[in-house]
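Work through the exercises below with the structure open beside you. Try each task before you read its solution.

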Amino acid sequence: MSFKLGTTNNRAILIQDENYYDVEKLSEGKISSDSVQALESIEELKKLASSLTDFPPSGKLSEIKLGNPVPSSKNSYAVGLNYRGHAEEGGMEIPEVPMVFTKHTSCFVGPKDNVELRSDFVDYEAELVVVIGQGGKDIKVENGWEHVAGMCIGQDISDRPAQFATQPPMFNLGKSFDTFGPMGPYLVSPDSLNNYDCLDLECKLNGKTMQKDNTSDLIFNVPTIISYLSGIVTLKTGDTIWTGTPAGVGATQGIFLKDGDVLITSIEGLGEMENKCIRVSDHPRADYLPDMFKGFMPKEES
Ligand code: ZN
């Protein structure tokens with residue numbers, strides 16, 4: 001049974017059309033108000049989702065602010081260079097195995113939250129994010145999708161100076177500044193979509209399309225990433241996997257996020273996020289310009 005799971009004020013909600021339903025109240029306490037714990041009772045959650053019409057809604061979706069769908073998620077794995085066009089635009093080799101780094105979950109924010117910039121070289125990366133339902137170890141590729149509870153949109157916001165501050169580069173911190181993980185607007189279970197492994201994704205900066213691709217172009221697809229990761233770590237309920245971004249990031253064009261910029265990120269069937277950028281104080285490495293981007297740096301306004 002398909003479902004859409006979100007949060008508001010850190011409480012898990014199920015969403016149907018324009019209405020939302022508080023999960024803990026509706027289940028009379030049988031399912032947790034914490035969305036990750038709710039995913040641990042995924043069979044109960046699906047049953048509840050299939051009977052929503054029996055209950056009065058808790059309210060209208062238009063009247064609430066949606067938060068990050070999995071605010072208590074423990075682990076977050078992100079794949080770099082997972083679309084051919086993006087690897088090529090950065091002058092990078094196509095990896096032989098998924099190139100995985102961590103986005104610390106402390107950077108997670110909601111689908112309408114602001115992104116705080118702490119240098120003049122911060123970039124956008126539209127991505128499909130999958131959230132693990134039933135965890136596991138040594139998951140076979142052919143069983144990979146069975147472990148996905150839901151999918152949503154993510155913006156893998158990246159401070160390029162911090163990302164490339166050292167040699168060899170270490171991506172984790174540069175992609176984990178506070179507010180650098182907008183996700184949402186809610187989780188959509190894969191069975192809600194006919195074509196869950198073939199979804200158009202798009203990123204617009206101030207109304208202009210910067211990235212446009214389809215998740216069927218992933219070099220390592222969702223089940224392959226799940227199988228690879230679970231051969232190394234035990235995947236847990238609520239863990240997120242950021243599957244990588246297509247071509248069109250700003251760094252290779254000399255375009256970076258500025259105070260007041262608006263990012264709109266959308267994925268077919270999963271909705272849309274809108275995040276505004278706010279320039280705050282500099283971080284310690286804010287003026288460092290990675291060599292690899294110097295050729296692209298930044299275009300003078302004429
Ligand atoms: Zn990314």
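**Exercise 1: the open sheet**

An open sheet of five strands runs in the order E8-E18-E17-E14-E15, and its pairing is mixed. Strands are DSSP runs of at least two residues, marked E, and helices are runs of at least four, marked H or I, both numbered from the N terminus. Two strands pair if DSSP finds at least two bridges between them. The model is predicted, so local features need pLDDT of at least 70 and side-chain atom pairs count only at pLDDT 80 or more, while totals for chains, interfaces and linings use all residues. Residues are numbered from 1 along each chain as its sequence is written, and side-chain values use heavy atoms, with hydrogens and water left out.

Task: find which strands form the edges of this sheet, then examine the pairing of E14 with E17.

Solution.
- Step 1. The edges are strand E8 (115-117) and strand E15 (208-214), each of which pairs on one side only.
- Step 2. From one strand to the next, the twist averages 20°; axes are lines fitted to C-alpha atoms, for helices over the stretch in contact, and angles run from 0 to 180 degrees between N-to-C directions.
- Step 3. Strand E14 (residues 200-205) and strand E17 (residues 262-267) run antiparallel and are joined by five bridges.
- Step 4. Within this pairing, Glu202 stands opposite Ser266 in E17.

**Exercise 2: a salt bridge between strands**

Task: state which residue forms a salt bridge with Lys212, and decide whether Lys212 is buried or exposed.

Solution.
- Step 1. Apply the rule: a side-chain nitrogen of Lys or Arg lies within 4 Å of a carboxyl oxygen of Asp or Glu. The count comes to 13 salt bridges.
- Step 2. Lys212 pairs with Glu202, and their closest N and O atoms are 3.9 Å apart.
- Step 3. Lys212 is in strand E15 and Glu202 in strand E14, so the bridge ties together parts 10 residues apart in sequence.
- Step 4. Sort by relative accessible area: buried is under 20%, exposed is over 50%, and partly exposed is in between (1.4 Å probe, protein chains only). Lys212 is exposed at 60%. Glu202 is buried at 17%.

**Exercise 3: the zinc site and its lysine**

Task: name the residues that coordinate the zinc ion. Then trace the salt bridges that Lys175 forms with Glu125 and Asp156.

Solution.
- Step 1. Donors are N, O and S atoms within 2.8 Å of the metal (3.2 Å for Na, K and Ca); water is not among the atoms, so sites may look incomplete.
- Step 2. Glu125 (OE), Glu127 (OE) and Asp156 (OD) coordinate the zinc ion at 1.9 to 2.1 Å. Their spacing in sequence is E-x1-E-x28-D.
- Step 3. Check burial. Glu125 and Glu127 are both buried. Asp156 is buried too, at 0% relative accessible area.
- Step 4. Glu125 forms a salt bridge with Lys175, with 3.1 Å between the closest N and O atoms. Glu125 lies in the loop between strand E9 (122-123) and strand E10 (126-132), and Lys175 in the loop between helix H6 (171-174) and strand E13 (181-188), so the pair ties together parts 50 residues apart in sequence.
- Step 5. Lys175 also forms a salt bridge with Asp156, at 2.8 Å between the closest N and O atoms. This pair links distant parts of the chain, 19 residues apart: Asp156 sits in the loop between strand E11 (148-155) and strand E12 (158-159).
- Step 6. Lys175 counts as buried, at 2% relative accessibility.
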